[in-house]
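Hi,

Here is the structure I said I would pass on. My notes on it follow below; have a look and tell me what you make of them.

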Amino acid sequence: MIEYDTVLRARRLVTAAGEDSGCVGVAGGRIAAISPLEGGLDGRRVIELGEDVVLLPGLVDSHVHVNEPGRTEWEGFATATRAAAAGGVTTIIDMPLNSIPPTVDVAALEVKRKAAEGQCLVDVGFWGGAVPGNRGELHGLHDAGVFGFKCFLLHSGVDEFPPLHPSDLDGYMETLRGFDGLLIVHAEDAAAIDQAPSCHGRRYLDFLSSRPRAAESLAIGQIIQAARRTGTRAHILHLSSSDALPMLARARRDGVRVTAETCPHYLVLAAEEVPDGATQFKCCPPVREASNRELLWRSLADGTIDCVVSDHSPCTPELKRLDIGDFGLAWGGIASLELGLPVVWTEARRRGFSLTDVVRWMAEGPARLLGLQHKGRIGLGDDADFCVFAPDEAFVVDPERLHHKNPLTPYDGRPLLGVVRSTWLRGEELAGERPRGQLLTRGGA
Ligand SMILES: [Zn+2]
């Protein structure tokens, strides 16, 4: 009989086939065998998992702003990957902006990689940026291993990462088409936002009306058209408005290569419940009404939305301007890398979804978007990345116990269900601070 490095014996196990019990044999950091619990597998080390936990694949979070170097006081590789590990996330992909330099050419990508080197507890990959003037850099960045290219269609919040004009979309997408690159888009239309009432003050509903649904619909319409014309793959980041869902569903039925993600905060929070002055709830696009949230859930169920990822975007507490609670002045961004799984699971379970669904949205979906063939699933040959999750254990969010650098969170004090007991990367439990994460390249892992 073969002896594996490690065998995990799970009363509950989520594989691509659904939930069952089973043994997982790990050899050389990969999943080498999956068998029924009875009969079992032989291992140099055998881990018996209790009745109260489920063995899930490690989650893949394709939307994380690490901000190092340049704004490391907002978040850095050590703290972000520590938060990921604590949250059952074994792969993160870093966004190209908010760090300085932004990842818009190969030299900047090298700066990022150097900064990340030796600091990461989990695996880390990088998105590139598509900004005015860097069309000629895209192919080089692609060859250097970025997973795709992010663009904005309105001011990004930082001057060193300017937006594309909608009329630029076709040209950039033509270039990407040349090497089957992926464009990922912050989809809010600048003109629509300019025409909306401007936002200042403490009222959340004023902030909400400054970022109307129409701005998202307009931008998404433009992206779909460009994807339709060019045949290039496009991905809608942090979809907030349910108004755009029918358009997305129709485009996909027509064979347009467009996918979409949403985030835990859009699925759980509601505009009606955001207290005035509570700028920890500010993000762009904004958290919308409860009725909107219900339609997002429906689209997760029917597959119009592919993934749920954090858009973990922290900043220093001063920038949230909690002293005056002004939504116009506060930095937008919600930090939830560590809390995504329990936040989504608590709400998903209440709605009758299973852990298999959650794994589809938070592990398989993002891995497919990224083309990570050995991540996001428990299957033969996949990386032995696991999250050991106690789905019935309750806790209350205490920001003091979070691991990211600036633990301000809109989930402060929120009762949640589901505790990550341990996280495993390539067959080893992530315990302590020894950074074993690898820097991933597209197609490489
Ligand atoms: Zn983001």
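Along the chain, the donors of the zinc ion follow the spacing H-x1-H-x245-D. The protein donors are His63 (NE2), His65 (NE2) and Asp311 (OD), and they lie 2.1 to 2.2 Å from the zinc ion. Donors here are N, O and S atoms within 2.8 Å of the metal (3.2 Å for Na, K and Ca); water is not among the atoms, so sites may look incomplete. Is His63 buried or exposed? With 0% relative accessibility, His63 counts as buried, and His65 is buried as well, at 4% relative accessible area. For the cut-offs, buried means under 20% relative accessible area, exposed over 50%, and partly exposed in between (1.4 Å probe, protein chains only).

Before you go further: this is a predicted model, where local features need pLDDT of at least 70 and side-chain atom pairs count only at pLDDT 80 or more, while totals for chains, interfaces and linings use all residues. Residues are numbered from 1 along each chain as its sequence is written, and side-chain values use heavy atoms, with hydrogens and water left out.

Now the backbone. Most residues other than glycine have a negative phi, and most peptide bonds are trans. Here are some exceptions. A cis peptide bond joins Glu68 and Pro69, with omega about 0 degrees; Pro69 sits in the loop between β6 (59–64) and α1 (77–86). Another cis peptide bond links Cys284 to Pro285, with omega about -5 degrees, and Pro285 is in the loop between α9 (264–268) and α10 (290–302). (Helices, H or I with at least four residues, and strands, E with at least two, are DSSP runs numbered from the N terminus.)

As for positive phi, Asp180 has a value near 50 degrees. Asp180 is in the loop between α4 (169–177) and β11 (182–186) and is partly exposed, at 36% relative accessible area. Arg321 also has phi near 50 degrees; Arg321 lies in the loop between β14 (307–308) and α11, and counts as partly exposed at 28% relative accessibility.

What about α1? This helix is mostly covered, with seven of its 10 residues buried: Phe77, Thr79, Ala80, Thr81, Ala83, Ala84 and Ala85. Those buried residues pack against β7 (89–94), α2 (106–116), β8 (123–126) and β16 (415–425), where contact means heavy atoms within 4.5 Å. Just after α1, Gly88 takes a positive phi of about 80 degrees.

Finally, two helix pairs. α7 (residues 213–230) and α8 (residues 245–253) pack at an angle of about 10 degrees with their axes 10 Å apart. Axes are lines fitted to C-alpha atoms, for helices over the stretch in contact, and angles run from 0 to 180 degrees between N-to-C directions. That makes α7 roughly parallel to α8 (under 35 degrees is roughly parallel, over 145 roughly antiparallel, 65 to 115 roughly perpendicular, and the rest oblique). On the α7 side, Ser217, Ile220, Gly221, Ile224 and Arg228 meet Met247, Leu248 and Ala251 of α8.

The other pair is α11 (residues 340–350) and α12 (residues 355–370), packed at about 135 degrees with axes 10 Å apart, and therefore oblique to each other. Their contact involves Gly340, Leu341, Val344, Trp345 and Ala348 of α11, plus Leu355, Val358, Trp361 and Met362 of α12.

Cheers
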